[in-house]
Amino acid sequence: METIDIEDIIIRSLKELIEVLNVQMSGPLESDTRLFGPKGALDSMGLVSLITDLEERIEDEYDISLILADERAMSQEKSPFRTVSTLAQYISMLLDDKK
């Protein structure tokens, strides 16, 4: 799975979540959209919802089981949950490790 495909999955999930949570975005959803942290689109509960949805989508669409919020993610110097792009890169790395 290419990083661009992963970004597409993240953006689709994020778009649906933003609509459900009625979050006001200042710009379009793109690879540099901040997910969490200062000026992030989501609070901690929103991030948990996004992570859960992404794990389910990846399993449903690609038949690959991933756990995104694990010790590996939490121990990184820079959080993989900062932007769409950093999360896509992290998921890509996890998928590569599964091969």
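**A tour of the salt bridges, core and surface charge**

A search of the whole structure, a predicted model, finds five salt bridges.

Start with R12 and E61. They form a salt bridge, with the closest N and O atoms 3.4 Å apart. R12 sits in helix α1 and E61 in helix α2, so the pair ties together parts that are 49 residues apart in sequence. R12 is partly exposed, at 32% relative accessible area. E61 is partly exposed too, at 39%.

R57 is buried, with a relative accessible area of 13%. D53 counts as partly exposed at 23%.

Next, pick D97 and R72. Here the salt bridge spans 2.6 Å, N to O. D97 belongs to helix α4 and R72 to helix α3 (residues 71-74), so the contact ties together parts 25 residues apart in sequence. Both count as partly exposed: D97 at 44%, R72 at 36%.

The largest nonpolar core has 25 residues; I10, L50, L87 and I91 have the most contacts inside it. Helices α1 (3-21), α2 and α4 (84-98) each supply at least two of its residues. The largest share, seven residues, comes from α4.

Finish on the surface. Select E56, E59, D60 and D63, which gather in a patch of negative charge. E59 lies in helix α2 (residues 44-62) and is partly exposed, with a relative accessible area of 39%.

Technical notes
Residues numbered from 1 in each chain as written. Predicted model: local features only at pLDDT ≥ 70, side-chain atom pairs only at ≥ 80, totals over all residues. Heavy atoms only, no water. Patch = residues over 30% accessible without salt bridge, like charges linked within 9 Å, V, L, I, M, F, W, Y side chains within 5 Å. Areas by Shrake-Rupley, 256 points an atom, 1.4 Å probe, with all protein chains shown as cover. Salt bridge = Lys/Arg side-chain N within 4 Å of Asp/Glu carboxyl O. Lys, Arg positive; Asp, Glu negative; His and termini not counted. Charge placed at Lys NZ, Arg CZ, Asp CG, Glu CD. Helix = DSSP H or I, 4+ residues; strand = E, 2+ residues; numbered from the N terminus. Buried < 20%, exposed > 50% of the residue type's maximum accessible area, 1.4 Å probe, protein only. Core = buried A, V, L, I, M, F, W, Y, C linked by side-chain atoms within 4.5 Å.
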